[in-house]
Every structure is written in C-alpha cells, then in structure tokens.
Amino acid sequence: MAEIIREDGLFHLRNDAISYVMREMPGGVLAHLYAGPRLARVNAANLLAHAGMPADGTFSVQEMALDKLPREYPSFGLGDMREGALTVRAADGTTAVDLRLETAEILETKPALEGLPATFGDDCAALRLTLKDAHTGLKVELNYAIYDDCPAVVRSARLVNGGEAPLTVTRAFSLCLDLPDDDWQLITLSGGWARERSVYRRALVPGEQGVSSRNGASSLQASPFLALARPQGTESAGEVVGAALIYSGNFTATVAATQYGAARAQIGINDRDFAWQLLPGEALQTPEAALVFSDAGIGGMSRGFHRLWQNHLLPRRWMNRPRPILLNSWEAAYFDFDEEKLVSIAAAAAEMGAELFVMDDGWFGRRDDDTTSLGDWDVDARKLPGGLGRLGDRVRALGLQFGIWMEPEMISPESELYRAHPDWCLRIPGREDITGRHQLILDMGRADVQDFVVESVSRTLRDSGASYLKWDMNRNFSNIGSAVLPPERQGEVPHRYMLGLYAVMERLVRAFPDVLFEGCSSGGGRFDAGLLYYVPQYWCSDDTDALRRCRIQYGTSMLFPPSTIGAHVSAVPNHQTGVVTPLETRFAVALGGTFGYELDPRALSPEEREALRGQVAFASETQMLRLYGDFYRLVSPFEGDMTAWMSVSADRAEALLTVVRDLSHPNSMPPMVRLQGLDAAKRYRVRETGEVYGGDELMRIGLCCPLGNGIAASLVYRLAAVEE
Ligand code: GLA
C-alpha cells in the first residue's frame, strides 16, 4: 500500500517494497535523504552528520554548505559545485537558481502531464512540492508518485515563470538522485543500427559519465536509462537502482562520483543546444522519470521496470491481451510487389496459422526504392490497382487481419508533398539540406504539419480497414530549424517536435482505439518508455539474425518486457549477417518477443512450412506466459557464447526456458543452467523430457541442457508444476 508520511520535516514516500525520503532544511532548501528498500522510520541526524551539518539541526547555505548536501532538485552556482538539474538565465543574464520550498500538497490523484506521456493509475500516493526562487520569481513544482505494486517512484518537474521578466531555461532535468556513497558500477545500454542496446558496465569514477542522444530521437546509439549496481552485485543479488526517462527525444543520463565520495545521477532532456523561452505566466513541463529499486540484483530492477510499464504505462487496450502473430512483407518482398504477390504471400501466411498480414514499405506514391514519395500517402495504382481497400479485403477474406506500414514524420524531396510545402521540413535557411536515407524530416512542432499527419494516417487506416499500423521513423535530425519559430525560440525545436509527435499519437490512438500500433525506427531507434505509452510493441532491431538478436533482446529486456519486443523469424542466409542458423533457433529467439515472421513462406520447403504451422501453434499457446510472465535473464551473451532466459507465470506453476549457444564445444559437458523465479517447494515436470525436478534443485543445481552440435543450437523447455 503506497503512502506519504509527513513528520519531522520529512516527506517519506513508501510502499511495501521501497522508501523515498526528502527533508525540508531550515530556510526551505530541499534535501534528499534516502531512496531504496523500504524503511520503517528515518532519523535525519545521519544525513546532517554525513553532510557536515551542525548537530543542532540548524542549517545555512553559507560556507558553500550546499556542496555537501544531498539535494532533490539542485542547480549550479550558489555553492554546490556539482552539476545541477536546473539552469535558468534571468533577465539580468545570470543563471543561478535558489529554490526554497513554499508548499507541499498530498494529492488525491496523480495528475497527468501536460502534453507528455506518463505513468498513470489510481493505486498510488502522489505528492506535489512547490519551490520558488525569490530572485526571478521562478516556481518549480516537483511532482511525485509511488504505486502500490511497483518498487518505483516516478517524478517530474513543472517550471512556471511567476516573475515579471522573460526567463530562458537552458537545462531542466527530470530527476536528480544524490546517493551517499560512490561504491557503484554504472550500467548503460548503447549500440547502433542492427546492434541496439548492448549492456555496458563499468566502475563509477569522478567526473560526469553516462549516455546521451542529440539525434532527435532516443536513438539507436543509447537508451534513456542508467542503472547503478554494487560492484559485487549480480543479475540475481545485490542493491540496484535504475533510472529511465519516459521520453523519446534528445536526452542525457549521467552520473558522477563527487569530491566527497558521494554520487549524483541525473536524467532528463539533453540540455546541449536546448533553450526554452519562458515568458511571465508560461510553464514548461519536464518528462517524467522513473526510479526503480531492487535488492535482488539487476534482474529485480528489470522486473520492477517491466511491472511499472505493464501496469501503469502501456495502452490499456493491449494489456494482458494476446497479440496477433504476424507476417511482415519487408524481407519477403522489399519494394518489389504487386497485389497478386502480396495476396499469395498472405495466403501462405494464413496456411501457417498466422493472424495478421502486414504490408511494409513500398505501397504509396512511386516508391520503388527508398529515394522518393514519403509524404505522398496515396496508393501506387501500378502495384495495387484495386487500392488499399481491395487488398485489405482480399487479405481479410483469407481469415487474416490486415496491417500497413507508414513513416508519417518524413518527407522525400522527391515527392508531391515537398513540391507543395517545401517549408514543412526541419531546415536552416541558407544552408544546404542534409538528407538521411534520401529523406528530410517534417517539422512536427507545426500545427499544420500535425493536422496533415493525423489526416494521412487516418485516411490510410480508413481506406485499408487496417487493424495494425507499423509507425516507422528512419533518420536522425540535422538542419535543426523551424520556419515558424523566431530566432530566440530555435533552441526549442527538438522538444517541440516531440510534443507535436505525442499530440499526433494521442489524437490517433483516441480516434482508432482498436488499431494496434507498432513502433519502429530503423529497428529499435526510438524504443523507449515515451513511445510505449502509445504503441504497446516496438520492432526491436532490423537485425533478425538469431544470434545477434540474442544480444539485442537481452539488452532490451533490461528495461522492457517481452510484450513490447517485436521479434520475428526471418529467412536464411540472414539478410543482415549472411549467417545460416537453424529454423528452430530462429523460432526460439523470436519467442522472446511478440513473435511473427519476416520472410516469404512460399520460398520454404513443405517440411519447413509444416514446421512453421507447429511453431505458430506453440507461440500462440505459450503467448500469455511469454509476454506477461515474470522475466528472468539466466545467462548473459555479453559474458560468454550462451544466452538463456525464462518466463514464469505469476502463480509460479508454469515456466518457459530458452537456451541458445553460438557454437558447439567439442569434448565438453552439456551446460547446466540454473533457473530462477520458481517455487522452491514445488516440483516441476519438463514437458519435453518428462523428467520431474524440485524447484529448489532447478534453482540450486540447475537443469542440464543438452544442446546439439553446430552453430546456434538451442532448446525450449516448458515446465509445469505437478501435484505429487
Ligand atoms: C526500416 C524498418 C524496416 C522496414 C524498412 C522499410 O528500416 O526498420 O523494418 O520497415 O524501414 O523501408
């Protein structure tokens, strides 16, 4: 049960798992006291002694006292020599901010965030602290919530110019977390196209370290997330704190060990080139950040995030609901198709038992390759003479749902749209436009562009009757300028873009509540908690090679549950790596996500097609366990050449284990994989071998996993508790 306790100047947010404690210091400075596993009570004397404060409880900011104080929402320039969370340039040109607590309100319900995705739910306790800087009149509302069922606190800041003169906000992070020691290792997720979210772990040292994006999207290169784990901590043991930003644009996530051996972690919108004009009376809402605490290792943190997103962020319509098993046309046909070809692929998909056929890129304008037509969302009658309606109807007549691909935020210079509206893209007048994948980016901050995007997507959905839309976004920002903003507001363009995108998504998901939206960005280039508020699943990576995918999905699972991870079986030799892996291993790996196919089933042998029928049946039967069970990573592909994971049902009566090995080892013993998450007192039958083992022995000794020879051998075992 979540609650907020106010006593002795403390604000103590608490549920059954965790506590988060702040203190109002004399004079109104807001100190951060504790964040971690649940505490019954907190005595602030510890904090005061640690921060060098007088034992009598008095406090003054004199003598640079702020530099040692753990702070809740700090700024630089008044004695705290660490990086601050807030920088605001006042009319006099100075940038220091001195926030003092004015009011504290315990709220009945958690307020929604203006224009931004955020967690929601009634089963929470919410707190608003309002602070003020007397010099400028700036007010900062810090909003907090703690849910009954998650080891997490979410928080955001809302800045209001309560003064008489304009202010310029050049940094407004969502979260600062001051920790009393620096004995941590930093974990981040980084990568690139076709290698998203590799796990990096390193010792914390003095100086800022972390990850960030200025790409205009959360990016392929880094995820808006960081975790701190104790050096001895493992996947299943030790204290971990994770921070994630519910935002899809430029971000920064940093941590530094301080000169006094403490640590400060921060996450928020990237402040590089960010400058937001705040006129008197105007407000700026930061994205929400989530903090998750675990004393059961990194896996415990991941399950905390999974639960937070599943119970309080993902679209309700799709929660705990089966997802259609789909076949996507991209790797089957690329741009080269016509109606008959698509219908025959769909017919083969229907025969396998698939539920949804998705037509990917290439159906509009004159899009025979990626050089033209983005923005011209009219069907290409050369390929589809009967229009989207007839194709959709023919696919549905096969017993399948119909889905479609769009890249709504983009504009090809070679398009009717560009000829009509050359000023609709991000552009710096007088500079050469830089294309990426031959395309420019629509200025989503503009109201007319937003209307155009809503209208094009709505028309496409209506004309095709599609029940699924793959929303792609395939290039990084450049030429960051907007034709509709004055010079002093050009530093607002990337964030205004995100606000525009979210406004569009909000309008569309409301207008089409039954359509399943899947996100995509050259694979997983904008796979973040912001987008997941609108799209319950995200294409994880353009790399569909089973072995590469083990790494990508393993890293992705740090933060996101299998129900969000788009994962498909593709053809061999793999189109990205050229590697040939066994069909059963491609299947085993795709079971780690929403599951589907990215191949031409007509090109398969009768035996393979028969195998696919069995796969679809298995994927469907195990779907609720795979997508919504508790997820445990067992063996890391970043530490050896094997990967193993399992999903366990909430009642711990069922589990699904997957093990994949890159290459066989001659003259070795079969691996023992220690399972997790089972009931130690229960006995489990392994369906595939018929053997029965105690949950305790499976977790303590492990399960012998005889993998075959060759490249990419795998096994998938189903475990069920038995009465004995
Ligand atoms: C991106 C996506 C792919 C596919 C292509 C189409 O690369 O990640 O899945 O949709 O675009 O052009």
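1. Contact between domains 1 and 2. In this predicted model, 34 residues of domain 1 touch 28 residues of domain 2. The domain assignment places domain 1 at 3-313 and domain 2 at 317-539. It also gives a domain 3, at 632-722. The C-alpha centres of domain 1 and domain 2 are 35 Å apart.

2. Buried area. Domain 1 and domain 2 bury about 2,500 Å² between them. Carbon and sulfur atoms account for 58% of that area.

3. Polar links across the interface. How many residue pairs are in polar contact between domain 1 and domain 2? There are 15, with both residues at pLDDT 80 or more. On the domain 1 side, the elements that give two or more residues are strand S15 (240-246), strand S18 (276-278), strand S19 (283-285) and helix H2 (297-312). By class, that side of domain 1 has 19 nonpolar residues, eleven polar and four charged.

4. The salt bridge at the interface. One salt bridge is found across the interface of domain 1 and domain 2. Separately, consider arginine 489 and glutamate 282. Their side chains form a salt bridge, with 3.5 Å from N to O. Side chains of opposite charge can pair when their charged atoms come close.

5. Salt bridges in the whole structure. The total is 53. One of them joins aspartate 181 and arginine 230, whose closest N and O atoms are 2.7 Å apart. Where in the chain do aspartate 181 and arginine 230 sit? Aspartate 181 is in the loop between strand S10 (167-179) and strand S11 (185-190). Arginine 230 is in the loop between strand S14 (225-229) and S15. The two residues are 49 residues apart, so the pair links distant parts of the chain.

6. The side chain of arginine 437 has an N or O atom 2.9 Å from an oxygen atom of the ligand. For tryptophan 405, an N or O atom of the side chain is 3.0 Å from a ligand oxygen. Glycine 523 uses its backbone: a polar backbone atom there is 3.0 Å from an oxygen atom of the ligand.

Conventions
Residues are numbered from 1 along each chain as its sequence is written. This is a predicted model: local features need pLDDT of at least 70, side-chain atom pairs count only at pLDDT 80 or more; totals for chains, interfaces and linings use all residues. Side-chain values use heavy atoms; hydrogens and water are left out. Domain bounds come from an automatic or database domain assignment. Contact means heavy atoms within 4.5 Å. Buried area is the accessible area (1.4 Å probe) that two parts lose on being put together, summed over both. A salt bridge is a side-chain nitrogen of Lys or Arg within 4 Å of a carboxyl oxygen of Asp or Glu. A polar contact is a pair of N or O atoms within 3.5 Å; within protein, one must be able to donate a hydrogen and the other to accept it, and residues adjacent in sequence count only if both atoms are side-chain atoms. Helices (H or I, at least four residues) and strands (E, at least two) are DSSP runs, numbered from the N terminus. Ala, Val, Leu, Ile, Met, Phe, Trp, Tyr, Cys and Pro count as nonpolar, Asp, Glu, Lys and Arg as charged, and the others, Gly among them, as polar.
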